[in-house]
Amino acid sequence: MVSPDRHEDAPGPGEADGSPPQTTPRGPAPLGGNPSRTAPHGTGPLRLHADTGVCAGAGQCVRAAPDLFDQGDDGLVVLLRADVPEQARERALTAADWCPSGAVGVRETP
Ligand code: SF4
């Protein structure tokens with residue numbers, strides 16, 4: 001039974017509701033894209049995580065940042081280092097953008 005205060009006809013997130021499409025400042029990812037990523041906009045050090053439980057083995061993270069990611073024999077992501085060196089910052093963000101499954105997360109550390 002549907003709750004009386006639930007509006008079944010109301011558009012949900014991402015549906016055509018007349019609002020402008022959401023875009024990232026970096027433009028669309030070439031393959032897939034990670035809608036769950038919230039890009040850190042600061043300049044603080046970045047920390048990565050990679051969730052093998054949701055990794056689909058696509059390898060985009062390795063393509064974007066081979067110094068930060070590898071793939072195991074099973075194809076799943078292997079995080080080579082969690083703390084992102086400053087010179088790898090853009091590659092880390094790109095890897096998170098390109099990961100089609102949302103397995104790569106990046107956050108700014110205080
Ligand atoms: S973490 Fe994402 S980009 Fe990397 S291998 Fe897994 S699914 Fe592919």
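Colleague: Which residues come nearest to the ligand?

Modeller: A residue is near a molecule if its C-beta atom, placed from the backbone, lies within 6 Å of it. Here 15 residues are around the ligand, and Cys55, Ala58, Cys61, Val77 and Cys99 come nearest. This is a predicted model: local features need pLDDT of at least 70, side-chain atom pairs count only at pLDDT 80 or more, and totals for chains, interfaces and linings use all residues. Numbering starts from 1 along each chain as its sequence is written.

Colleague: How many residues of the ligand shell are nonpolar, polar or charged?

Modeller: Ala, Val, Leu, Ile, Met, Phe, Trp, Tyr, Cys and Pro count as nonpolar; Asp, Glu, Lys and Arg as charged; the others, Gly among them, as polar. The shell holds 10 nonpolar residues, five polar and no charged.

Colleague: What is Cys61 in contact with?

Modeller: Contact means C-beta atoms, placed from the backbone, within 7 Å. Beyond its neighbours within four places in sequence, Cys61 contacts Phe69, Val77, Ala95, Trp98, Cys99 and Val104.

Colleague: Which members of the largest nonpolar core touch the most others?

Modeller: Such a core joins buried Ala, Val, Leu, Ile, Met, Phe, Trp, Tyr and Cys residues through C-beta atoms within 7 Å. Buried means 20 or more other C-beta atoms within 10 Å; exposed means 12 or fewer; partly exposed is in between. Among the 20 residues of this core, Leu48, Cys61, Ala92, Ala95 and Val104 touch the most other members. The largest share, five residues, comes from α2.

Colleague: Is Asp83 buried or exposed?

Modeller: Asp83 counts as exposed because it has 11 C-beta neighbours inside 10 Å. Leaving out residues up to four places away in sequence, Asp83 touches Pro45 and Arg47.

Methods: Helix = DSSP H or I, 4+ residues; strand = E, 2+ residues; numbered from the N terminus. Contact = placed C-beta atoms within 7 Å.
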